[in-house]
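Hello,

Here is the structure I promised to pass on to you. Have a look at it first, and my notes on what turned up follow below.

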Amino acid sequence: MPAINLQGIGMTSQRTRDRLIERLREQGIKDENVLEVMRNMPRHIFIDEALASRAYEDTALPIGSGQTISQPYIVARMTEALLAGKDKIGKVLEIGTGSAYQTAILAQVAEQVFSIERIQHFIPRAKKILDMLEIRNVNLKHYDGYKGWSGFAPYDGIIVTAAPDEVPLDLLNQLGEAARLVIPSGEEGNQKLLCITREGDEFVKSSLNAVSFVPLVKGTRL
Ligand code: SAH
C-alpha cells in the first residue's frame, strides 16, 4: 500500500483540484488537453506533507534547497506553449526536474521525457514519485542543464524551469526542425517567458508572460 493518498481528501480532494482548473481557465489557459492532465495530477504528493493543504493554491511552494515547485498557472502556460495546439508531442527535454511535477505532466503529453536536474538528491525523490504514479516514459539525469542532453537530441520540444540570463546555445542546437524551446530568461525581477521556434537555421522568438523563476545555475551539486 502506498503511504501517500493519491486521490486526496479535504484540501487535497478532487473538488479542490477542479477549482484550481477553473481558475486556470479564467486566467486564459485554453488547451483542454493540458487542463485535463492537470485536473488528474495530484500535486499534493510532490510537496512536503506539511504544505499539502496548499497544493491546489495557484502558487509556487518551497521544495527544499532553496528551490520551488512551479506555480500551476505557469506549468499550464509553458505546457500549452510547448504543445502549440497538438494533442501529443514526441521527445521532450526538460531542464530542472525539481519536484518532478512538471515532468509528470509532460509525461502525459509526450512520448518520451528526458529531464535533467543539477541537485543530486532531487533525482531519487523524483524517481520515487514517478514510480508511484506508474509513469514509465521519463529518463532522469544528474547533470548541468546548460549543456542539454546531446545523446538523445534533436528534441521535438525543450522546456526550462529555471531562468538563465541568456538562452543557452546548446539548448538551441538540440532543437529539431519546427521544435519549440520554452524558457524564462533575464535577471531576477526582470524575467520574461520566451518561446523560440527553430525554422531551419533561424530561431524565431516570441515573448509570453513576465515571470519569476529561480536562477538556472551552472554546474552540479549534491
Ligand atoms: N519544474 C520544477 C521546478 C523546480 S525549480 C518543479 O515544478 O518542481 C528549478 C529547478 O531547476 C531546481 O530544482 C534547480 O535545482 C534546477 N536547476 C537549476 N539550474 C540547473 C541546471 N543548470 N541544470 C539542471 N537543473 C537546474
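Threonine 197 has valine 204 in strand 9 as its bridge partner. Strand 8 and strand 9 run antiparallel and are joined by eight bridges; helices (H or I, at least four residues) and strands (E, at least two) are DSSP runs, numbered from the N terminus, and two strands count as paired if DSSP finds at least two bridges between them. The two strands form a hairpin with two residues between them, and glycine 200 in that turn has a positive phi of about 65 degrees.

Before going further, please keep in mind that this is a predicted model, in which local features need pLDDT of at least 70 and side-chain atom pairs count only at pLDDT 80 or more, while totals for chains, interfaces and linings use all residues. Residues are numbered from 1 along each chain as its sequence is written, and side-chain values use heavy atoms, with hydrogens and water left out.

Seven strands make an open sheet in the order 5-4-3-6-7-8-9, with mixed pairing. Its edges are strand 5 (138-142) and strand 9 (202-211), each of which pairs on one side only. From one strand to the next, the twist averages 15 degrees; angles run from 0 to 180 degrees between N-to-C directions, and axes are lines fitted to C-alpha atoms, for helices over the stretch in contact.

Helix 3 lies across strand 3 (89-95), strand 6 (155-160), strand 7 (175-185), strand 8 (191-199) and strand 9, at about 160 degrees to strand 7. Helix 4 lies across strand 3, strand 4, strand 5 and strand 6, and runs at about 160 degrees to strand 4.

How do the two helices pack against each other? Helix 3 (residues 72-83) and helix 4 (residues 101-109) pack at an angle of about 35 degrees, with their axes 11 Å apart. Helix 3 contributes Val75, Met78, Thr79, Leu82 and Leu83 to the contact, and helix 4 contributes Tyr101, Gln102, Ile105, Leu106 and Val109; contact means heavy atoms within 4.5 Å. These residues divide into eight nonpolar, two polar and no charged, where Ala, Val, Leu, Ile, Met, Phe, Trp, Tyr, Cys and Pro count as nonpolar, Asp, Glu, Lys and Arg as charged, and the others, Gly among them, as polar.

Strand 1 (residues 61-64) and strand 2 (residues 67-69) run antiparallel, joined by three bridges, and proline 62 stands opposite threonine 68 in strand 2. Two residues separate the strands, and serine 65 in the turn has a positive phi of about 55 degrees. One other backbone feature to check is the cis peptide bond from alanine 153 to proline 154, with omega near 0 degrees; proline 154 is found in the loop between strand 5 and strand 6.

Finally, the ligand. It is surrounded by 26 residues, the closest being Ser70, Ser99, Glu117, Gly145 and Val217; a residue is near a molecule if one of its heavy atoms lies within 4 Å of it. The polar contacts (pairs of N or O atoms within 3.5 Å) include these:

- A backbone N or O atom of serine 70 is 2.9 Å from a ligand oxygen atom.
- A polar side-chain atom of serine 99 is 2.6 Å from an oxygen atom of the ligand.
- A polar side-chain atom of threonine 161 is 3.2 Å from a nitrogen atom of the ligand.

Best wishes

How values were computed: Polar contact = N/O pair within 3.5 Å; in protein donor to acceptor, adjacent residues only side chain to side chain.
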